[in-house]
Amino acid sequence: MSIKKVVKSSVSQQVFDQLREQILSGSWKPGDKLPSENELAAQFGVSRVTVRNALQRLSGLGLLETRFGEGSFIRGPGSGAALNQLVPMLYLGRETLRDILTFRRMVEGPICEIACRRATDREIAGLREQLEQMERAEGDMAAFARLDSAFHGMVARLTRSSMMQQIYQIIDDAMQSAYRENVRRQSVQVALHWYREMLAAFEARDSARARRAMEQALAQTFWISTVYQNVLNMETAWPGRVAVRWYDEAAGCVREVRYRDYAADIRRMVGYLQRNVPGVRGRHIGLLARTGYPYAVALFGCILAGAVAVPLNYEKSWAELSDEVARAGVDCLLADGLYRQREPAFAQYGGRVLDIGAFAGCTELAELAECPDQDALAIILFTSDTAGRSKGVMLSQRNLFAPMRLFTEPFSTVRQQFGLGEDYQFSAFNVLPLFHVAALTSLVSWSISGNAVNFCTDLRRFYRDLAAMPSDVMAVVPTLLKSIHHDVAKGKGARLGKLRIFTCGAATYDPQMLADLIDHGFTIIQTYGLTETVGDGGWNSAQDRAHLASVGLRDPDMEYRLEDGELCMKGEAVMLGYYNDPEATAAVLRDGWFHTGDLARIDEDGYIYLTGRKNNLMILPSGENVSPEELEALLGKIPAVREVLVRQKDGRICACISCLPASRDQVRAFIHATNRTLPLYKRIAAVEFTDQPLPRNALGKIQRD
């Protein structure tokens with residue numbers, strides 16, 4: 001094999017192209033074992049991450065088979081030259097498994113419809129025997145995958161069309177990969193549910209019903225893409241697993257709800273809304289309550305009832321919220337009553353208010369229906385910039401589920417890293433409010449994966465709740481992780497129990513703090529995303545110091561580019577726009593590209609590094625541009641600094657610092673030393689001290705204006 005040293009900028013693509021050429025040209029034969037990632041990285045002169053990305057793309061197309069503990073092997077294409085011709089054709093598109101799955105749904109639905117019309121009674125009996133074998137193999141993923149493939153192949157043969165059989169065979173070969181097994185692992189029971197429905201349609205000779213069942217089987221088996229499919233998955237894939245936990249203050253104990261009961265309560269909420277909100281479909285329903293189980297039920301219930309859910313920030317004053325309620329066109333509110341006690345002005349609200357927990361008293365379980373339009377408005381989520389101005393981000397179900405592949409796939413990798421069994425259920429300790437995009441998407445991704453969410457509704461009881469509800473993973477913001485890092489450094493890490501994985505978002509983090517936590521045995525996963533992209537953008541699970549300053553690798557299902565240093569993204573996760581604000585929408589959405597406002601660079605391995613906010617750039621009288629975030633990161637390294645904000649004042653760079661009065665001389669000395677390392681135009685010329693927290697906007701971000 002002749003490997004060429006990579007010298008151009010598109011490193012990842014070049015590595016992929018060379019590896020693919022080795023396979024398609026026959027230089028590597030079916031069954032051959034590839035060199036290790038380390039060996040390939042050395043031959044190419046690139047990082048292991050780049051090699052791994054290329055191998056994953058080849059596996060996703062079915063050209064490689066990865067065997068845990070053994071390595072990667074060349075797969076033999078069962079359909080010979082036909083598959084080799086299909087491979088380049090597929091890669092003329094977006095180069096993702098999703099394209100193959102979409103094509104498969106388009107093709108196999110009609111195949112199933114034709115097969116239903118042409119199958120004999122004996123052939124239908126053969127399908128039933130095949131399905132019974134699949135049911136017996138439910139716990140054996142490898143056997144189930146083979147039988148599943150045979151079931152689809154049998155349906156294709158029942159068409160009595162050689163062309164349709166060949167098309168199915170080519171697609172099936174492309175699907176035979178570890179990628180497929182990871183997706184299959186999530187929803188075998190859902191697949192069986194729809195296969196039973198398909199068989200019933202064959203026996204009833206209802207070809208249209210058979211086609212619908214096949215399309216639903218493919219949509220939900222390979223990817224859950226609507227709330228309806230998600231709830232069905234709860235009921236069929238893991239009904240007995242714990243879905244949600246919380247600490248019941250009144251009872252003094254932990255409450256648990258299993259997925260079957262979670263789904264039943266969501267159905268109750270749908271029925272409750274249908275009875276109490278006339279013409280509920282299309283109505284805008286605000287959620288004004290503390291984060292917790294009723295809030296989660298209400299969020300799913302509103303969407304399934306066909307309404308538009310409007311999660312509201314419970315911590316805002318009524319003066320702020322009433323403006324958002326009006327701007328979002330809210331028809332009624334689901335509330336828990338506690339907001340009224342805290343904000344007497346809420347009594348002025350003249351609209352309809354319903355009890356968010358009233359579903360618990362309902363006995364009727366509503367019938368659910370699939371979403372008729374995945375691109376229709378489903379959620380309005382308010383976001384604030386650093387100046388405190390809120391905008392209503394419009395999200396559809398397609399938006400909401402677009403990043404879920406990125407958010408759920410790491411579970412199998414983490415299981416392998418920690419030596420956990422396939423049936424191990426992760427638990428997430430949730431401290432973020434559900435009106436925050438990170439908490440909302442976690443609610444969806446963890447239910448898709450059959451894992452549990454443990455709600456902590458009061459940070460003052462953080463360690464009590466964590467001890468009562470042992471958890472593996474927690475999403476954090478910088479201030480919380482800094483507090484945890486302080487406790488770990490003081491030898492109090494045992495208080496975290498089995499909590500070992502932190503997903504870090506909302507801002508950039510001090511790489512040294514992350515390195516310290518990794519050295520203490522924790523796994524750090526950095527994420528990048530915005531409310532406007534449903535939290536999608538970047539994912540960094542690298543534990544090496546070389547990449548700790550990065551917010552992540554790009555999502556392969558999104559497109560990225562830099563315009564004058566600004567990061568822009570395009571894909572299904574990008575919002576519909578800002579509600580009733582076409583001017584603000586036009587400012588950030590152009591030709592489908594969302595302009596994030598974040599200044600960034602992307603290295604040759606695809607890692608994204610944020611360098612500041614475009615709107616925050618300080619343009620000095622000298623004409624120089626300075627990023628305040630760069631200077632804030634430098635000043636944030638001194639432990640005495642609790643919070644820092646750098647801004648321009650009277651043409652000079654000024655640092656506003658929150659610290660104890662006794663620490664001010666230490667901070668001044670640090671700034672003096674830091675200035676000596678900076679160019680003259682970047683030096684901090686003025687310092688303002690306070691012992692109070694710096695002002696923050698409604699989402700907890702430091703307010704610049």
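This note goes through a predicted model of one chain, from the whole to single residues.

1. Basis. Residues are numbered from 1 along each chain as its sequence is written, and side-chain values use heavy atoms, leaving out hydrogens and water. Because the model is predicted, local features need pLDDT of at least 70 and side-chain atom pairs count only at pLDDT 80 or more, while totals for chains, interfaces and linings use all residues.

2. Confidence. pLDDT is the predictor's confidence in each residue, from 0 to 100. Its mean over the chain is 83, and 85% of the residues reach 70 or more. The value is below 50 over residues 77-96, a stretch with 34 contacts beyond near neighbours in sequence in the model. Residues 177-186 are also below 50, with 36 such contacts. Contact means heavy atoms within 4.5 Å.

3. Overall make-up. The chain has 26 helices and 28 strands; these are DSSP runs numbered from the N terminus, helices being H or I of at least four residues and strands E of at least two. Among contacts between residues at least 6 apart in sequence, 67% join residues at least 24 apart.

4. Cores. A nonpolar core is a set of buried Ala, Val, Leu, Ile, Met, Phe, Trp, Tyr and Cys residues joined through side-chain atoms within 4.5 Å. The largest holds 156 residues, and those touching the most other members include Phe 202 and Met 474. Helix α14 (residues 293-304) gives the most to this core, with 10 residues. Apart from it lies another core of 19 residues, among them Leu 631 and Ile 684.

5. Helix α20. Does its length follow from its residue count, or how far apart should its ends be? The expected span is 1.5 Å times one less than the number of residues, so the 12 residues of α20 (residues 437-448) should span 16 Å; the end C-alpha atoms are 17 Å apart, which agrees. In α20, 10 of the 12 residues are buried, including Trp 446 and Ile 448. Just after the helix, Gly 450 takes a positive phi of about 75°.

6. Asn 454. This residue sits in strand β12 (residues 452-455) and is buried, with a relative accessible area of 0%. Beyond four places in sequence, Asn 454 touches residues including Arg 245, Phe 429 and Met 469. Its side chain makes a polar contact with that of Ser 471 at 2.9 Å. A polar contact is a pair of N or O atoms within 3.5 Å; within protein, one must be able to donate a hydrogen and the other to accept it, and residues adjacent in sequence count only if both atoms are side-chain atoms.

Key. Buried < 20%, exposed > 50% of the residue type's maximum accessible area, 1.4 Å probe, protein only.
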